[in-house]
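This briefing covers selected local features of one chain. The points are grouped by topic.

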Amino acid sequence: MENTKFTDRRNNVRYPLKLSIELELEDGTAIPLKTINISRSGLQFISDSWVANKIEPRGIQNHSLDHIVLKIFAKLPYLDESNLQAHGHVEYAQRLSQDEFIIGIKFDDLEKSNREILEQFLELHEKTNNSK
């Protein structure tokens, strides 16, 4: 795995990582996805137009997105019994091609236990990738 990382506008290191997650929409629809990166403040993923339309049926690029609240569930590598559960909102969406979008989710006030799980995971991920 490539050890490239960069800092987002909120000064959190983004780790390029294909992590299996499940998004739960406000209507209860669960959508399995893979992240392209994750940080202490949120994550990004690539979606097709079907997913984008499920998130915002009126058009993901045509309306304000910060009202769209999602639940995020992730089984994290390195942590045998720990799952990340978070609430977040759509921070932005950008069209990459006719049927592809990059969508950024910002975590909303992670509970202490989930913040600790995320911190532990990111530290282990960084240590594991720096030793390669």
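D109 is exposed, with a relative accessibility of 76%. The model is predicted, and D109 sits in the loop between β8 and α2.

- D109 has a positive phi of about 40°, although D109 is not a glycine.
- Y78 is also not a glycine, and its phi is positive at about 75°.
- The loop between β6 and β7 holds Y78.

**N114 in helix α2**
- Helix α2 spans residues 112–130 and includes N114.
- N114 is buried because its relative accessible area of 9% falls under 20%.
- A polar atom of the N114 side chain lies 3.0 Å from the backbone oxygen of Q85.
- Apart from neighbours within four places in sequence, N114 contacts N83, L84 and Q85.

- In soluble globular proteins, nonpolar side chains tend to be buried together.
- The largest nonpolar core here contains 35 residues, and F45, I55 and I103 have the most contacts inside it.
- At least two residues of this core come from each of β3 (20–24), β4 (30–38), β5 (42–47), α1 (49–55), β6 (69–75), β7 (83–97), β8 (100–107) and α2.
- Leaving aside neighbours within four places in sequence, the contacts of F45 include L23, L33, I36, V51, I55, F101, I103 and I105.
- K34 and T35 are also among the residues in contact with F45.

Key
Residues numbered from 1 in each chain as written. Predicted model: local features only at pLDDT ≥ 70, side-chain atom pairs only at ≥ 80, totals over all residues. Heavy atoms only, no water. Helix = DSSP H or I, 4+ residues; strand = E, 2+ residues; numbered from the N terminus. Buried < 20%, exposed > 50% of the residue type's maximum accessible area, 1.4 Å probe, protein only. Polar contact = N/O pair within 3.5 Å; in protein donor to acceptor, adjacent residues only side chain to side chain. Contact = heavy atoms within 4.5 Å. Core = buried A, V, L, I, M, F, W, Y, C linked by side-chain atoms within 4.5 Å.
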